[in-house]
Amino acid sequence: MAMQDGFGRKIDYLRISVTDRCNFRCQYCMSEKMTFMPKSELLTLEEITLIAERFIGHGVKKIRLTGGEPLVRRDMSEVIQRLGRKVKSGELEELTLTTNGALLSEYADHLAKHNVKRINVSMDTLNPADFAEITRGGKVEQVLAGIDAAKQVGIQIKINMVALRGFNQDALLPMAEYCARNGHDLTIIETMPLGDVGADRKLEHIPTEEFIAPLLGQYSSNPISHRSAGPARYLAIEPLGLRLGLITPLSQNFCDNCNRLRLTTDGKIFMCLGHNAHVDLRAAVRNEGIEAVDRLLQKALKLKPLRHEFNAQLDGSAEILERHMNVTGG
């Protein structure tokens with residue numbers, strides 16, 4: 001049974017944040033000294049899989065596992081295995097993962113074995129010193145080794161690069177050439193005003209068109225019809241041979257075609273990344289049983305807004321959401 005929101009949009013994509021914890025501390029995502037949720041507030045393995053199965057029964061065809069860093073969760077292998085069975089049975093079209101790549105060398109074989117055919121890896125620069133600065137201590141060599149391990153077992157890889165004014169603009173060309181050389185897609189993502197990360201969002205934000213201008217100064221671009229489950233629009237960069245995605249929540253709104261809901265680490269369904277409206281599935285499931293998901297899903301669909309408010313939050317005319325990206329999931 002297909003789900004539709006109050007504006008007639010078909011909802012068939014669920015993003016699940018399995019943990020708010022991360023082995024990096026990326027400056028645009030979280031503060032340096034984060035307070036993480038106690039284990040009792042997190043969805044259990046059983047709750048994640050039961051809720052996911054309920055969503056699949058209501059027409060969800062694609063699920064992305066996110067965090068935080070999903071691979072730091074201790075029972076993550078079992079989550080992947082159980083949801084991977086849904087792909088094998090045909091109940092789910094696609095199971096994907098967003099990761100920082102640091103643990104990919106350890107998990108690549110398991111992901112491939114359990115029907116994860118493509119992943120997104122967050123990597124904002126190839127420069128080791130800059131990478132360590134933006135992640136507060138991460139090692140880009142470790143990420144690159146993980147990407148190579150995933151590629152070796154046949155997993156398709158897309159690199160997600162957040163556009164940061166004055167920080168990684170000169171890192172785009174080396175990243176684009178690296179991706180083209182290795183057969184990876186590259187997606188540029190505008191920063192979004194979520195949570196207090198100790199930075200001035202106006203100074204940080206740069207529209208993707210401005211960010212990619214140096215790349216287009218050396219190569220030509222053509223819009224292409226390729227689409228993934230997410231909101232990116234794609235360009236072919238030639239003669240480099242790169243497929244470049246652009247995610248532009250501020251400069252070119254894409255809310256009219258939104259097809260997704262987000263399940264947070266603590267079991268809340270957020271209908272929009274840029275709004276606080278939500279329903280609490282964890283409380284309902286623990287108090288009433290898994291059948292409560294059916295009722296709350298209908299409430300969630302009615303609450304889903306037409307558009308986010310990121311632009312107003314960025315210019316100060318609306319309050320910035322206190323919720324950090326690592327809780328909601330990327």
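The legends below describe close-up views of a predicted model.

**Overview. The protein as a whole.** The predicted model has 13 helices and 14 strands, and of its 330 residues 57% count as buried. Among contacts between residues at least 6 apart in sequence, 71% join residues that are at least 24 apart. The accessible surface comes to about 14000 Å², with 49% of that area belonging to carbon and sulfur atoms.

**View 1. Helix α2, residues 76-89.** This helix has 14 residues and reaches 20 Å from its first C-alpha to its last, which is close to the 20 Å expected at 1.5 Å a residue. Glycine 90 follows α2, and its phi is positive, near 90 degrees.

View 2. Met76, Val79, Ile80, Leu83, Gly84, Lys86 and Val87 are the buried residues of the helix. Because they cover an arc of only 145 degrees around the axis, they lie on the same side of α2.

**View 3. Threonine 125 in its loop.** Threonine 125 is placed in the loop between β6 (118-122) and α4 (128-135). Its relative accessibility is 2%, and therefore threonine 125 counts as buried, the cut-off for that class being under 20%. The side chain of threonine 125 reaches the backbone nitrogen of asparagine 127 at 3.1 Å. When residues up to four places away in sequence are not counted, threonine 125 touches Asp130, Phe131, Val140, Ala171 and Met175.

Key
Residues are numbered from 1 along each chain as its sequence is written. This is a predicted model: local features need pLDDT of at least 70, side-chain atom pairs count only at pLDDT 80 or more; totals for chains, interfaces and linings use all residues. Side-chain values use heavy atoms; hydrogens and water are left out. Helices (H or I, at least four residues) and strands (E, at least two) are DSSP runs, numbered from the N terminus. The expected span of a helix is 1.5 Å times one less than its number of residues. Buried means under 20% relative accessible area, exposed over 50%, partly exposed in between (1.4 Å probe, protein chains only). The arc is that of the directions from the helix axis to the C-beta atoms. A polar contact is a pair of N or O atoms within 3.5 Å; within protein, one must be able to donate a hydrogen and the other to accept it, and residues adjacent in sequence count only if both atoms are side-chain atoms. Contact means heavy atoms within 4.5 Å. Accessible areas come from the Shrake-Rupley method with a 1.4 Å probe; for residues, only the protein chains shown count as cover.
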